[in-house]
Amino acid sequence: MNLTNGTSRWLLNYSLGMRSFSLLVIFTFLTLTSLSQINFPHLKNESFTYDQAIEELSKLSNFSPYIEIIEQGKTDVGRRLHTVVFNLNKEFDPTKIDRSEKAILLINNAIHPGESCGVDATVKLFEYLSTHEKEFENLLVVAIPIYNIGGMLNRSKYSRSGQPGPVECGFRANYQHLDLNRDFIKSDALNTAAFHKIFHAWKPHLFMDTHTTNGSDHQYPLTLIVSQRNKMNPILADYTYGKLENYLYRKMAEKEKEIVPYVHLVKSTLNEGIKDFLETPRYSSGYVNLFNTIGLISEAHKYASFQNRVEYTYELLNTLCVFSNGNSNDLIRIKKLANQSDRQQNQFSINWLLDTLTAETLSFKGYKMNMVKSETTGLIRRSYDKTKKITFPVPHYRNYISTEGVNVPRYYVIPQCYPKLIEVLNRQGVAIKRFENDTILNGGMYYLEGVTAPKEPYEKHYFHSEVRVNENFQSVRFYKGDVIVSLDQDARRYLVETLEPTAADAFFRWNYFDNVLQQKEWFSDFAFDPIAKELLEADERLNIEFQEKRNNDSKFAENHMDQLLWIFHRSKYYEPEHKRYPIMRVY
Ligand SMILES: [Zn+2]
């Protein structure tokens, strides 16, 4: 609590209750004095530290009855996440807000704290909201001013090589050395758990995550990622691409702060084109999209000045606020419709591939690029001549084609021996029921085939980039306390895209079920050999298959153990649990 601000509030109450013109004058003076005290560091090529940003937002919260700063769940460094909320109705409890009249915008900053322009831009946005509150009566803004607190505190001059400012900034990873923008499904960080709770408490219509990017050099201080169209619910996609996206590009150009789509190169140069970003749900905007929140990512340009990066990001946030306020009814309506249509949808796409045949053309403002000899290595490198601004056509690939779809079952059944998974589902507001008795159920069980694992871990996991499955219908025993999840709920899309093991960012791919990949029961050749003989004698078809295999595969025919194992795998001695994905699909 800031003393000056506390005093001003007390003065306000006192003046309204009893007196007096002079106290109001003092109050006004204090308010203006304090508001003008925000010294924006980006004007000097510096950035807010964690403490400074929270202090400035706390001051604004003290001054404005329409702004509240709230501490939320713990992060990996023990400190709690803050949210700062703007609401003209002065209601800051998500359980009490009137959802029929407010568009809700959630802003997330410093998930990568070396890319912190969004922190400074958010302070500036809330300063604006605190003095222009009447312009935003249909809007509720919730911002996480600093998401990766550990990374923000790990501040130095060396986090972002080649970035012209700010002088110091935070580090990309968090205290666990995790990239939090890969953690929204696997949920290794406490920050992620806190985010899940904040997100589901507010259920925003729009989400903006602020970043900074590199890769090539060009004239635009800010680029934009809009949640990939083909992955979205079609109602949401039509609105986002038919109205919101155009509005943002047009308004930013009118403000003489022109932006372009995120420069995501298809190959290695701009001339070969850029593509829309397929943000699967491990990323923030992909995650929110599973719940029909429109996801946006601002990607400031690393090689623009920090001042420009902050100013452009601020202007984009402000523009988004104006849009959301003016279109609140539409935003509320289409989220509802998208949720309803998801519940009717019986098939979902779970993997996509870039369509390289259809492209739009962007008129792109870049710099002349030359290939020059490196003075470090003596080899050829790229060089951008900033004195030579050029405009040239760039192919823009926007379309992704579904490569795999899946039929939605009525229920998933999850054994209780996966408590972390059940906890993650709980945080999404997924309604679950538990069996009151041991139960034998008949349903579809996937057998996992062709599972690959990399040699090096990625974000704490051996992510399975390739997974193939075969569904087998069988009876399985479940126990009292195991979990049954109906797909007839708002989390339907989320459940399919995380519990189907072949989906792009499925829990399975993130090693939640690697336990089933190992065979537990084996045999001794001398003891199993006579059993194998009996098995072949008792099953003519098996015997024919076995002999064919021996005839066609000389290596196999010469390997005693391989042959016994082949028979073992086709016998009742082989455990059905091996490579069986443990979640049942009930139709
Ligand atoms: Zn980033």
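Thr439 is partly exposed, with 14 other C-beta atoms within 10 Å; on this scale a residue is buried if 20 or more other C-beta atoms lie within 10 Å of its own, exposed if 12 or fewer, and partly exposed in between, the C-beta atoms being placed from the backbone. Thr439 belongs to strand 16 (residues 439-449), and its C-alpha atom is separated by 5.9 Å from that of Arg477, 38 residues apart along the chain. Helices (H or I, at least four residues) and strands (E, at least two) are DSSP runs, numbered from the N terminus.

The model is predicted, and local features need pLDDT of at least 70, side-chain atom pairs count only at pLDDT 80 or more, while totals for chains, interfaces and linings use all residues. Residues are numbered from 1 along each chain as its sequence is written.

For the protein as a whole, the secondary structure comes to 16 helices and 19 strands, and the C-alpha atoms fill a box of roughly 105 × 65 × 40 Å, taken along the principal axes. Of the 587 residues, 41% count as buried. Among contacts with a separation of 6 or more, 78% are accounted for by residues 24 or more positions apart, where two residues are in contact if their C-beta atoms, placed from the backbone, lie within 7 Å.

The packing of helices comes next. The axes of helix 4 (residues 117-131) and helix 9 (residues 306-326) come within 8 Å and cross at roughly 50 degrees, with axes being lines fitted to C-alpha atoms, for helices over the stretch in contact, and angles running from 0 to 180 degrees between N-to-C directions. Helix 4 and helix 9 are therefore oblique to each other, given that angles under 35 degrees count as roughly parallel, over 145 as roughly antiparallel, 65 to 115 as roughly perpendicular and the rest as oblique. Their crossing is right-handed; a crossing is left-handed if the near helix is turned anticlockwise from the far one by less than a right angle, and right-handed if clockwise. The residues of this contact divide into eight nonpolar, four polar and three charged, where Ala, Val, Leu, Ile, Met, Phe, Trp, Tyr, Cys and Pro count as nonpolar, Asp, Glu, Lys and Arg as charged, and the others, Gly among them, as polar.

The axes of helix 13 (residues 525-538) and helix 16 (residues 560-569) come within 10 Å and cross at roughly 55 degrees, which makes helix 13 oblique to helix 16. The crossing of helix 13 and helix 16 is left-handed, and by class their contact has eight nonpolar, one polar and two charged residues.
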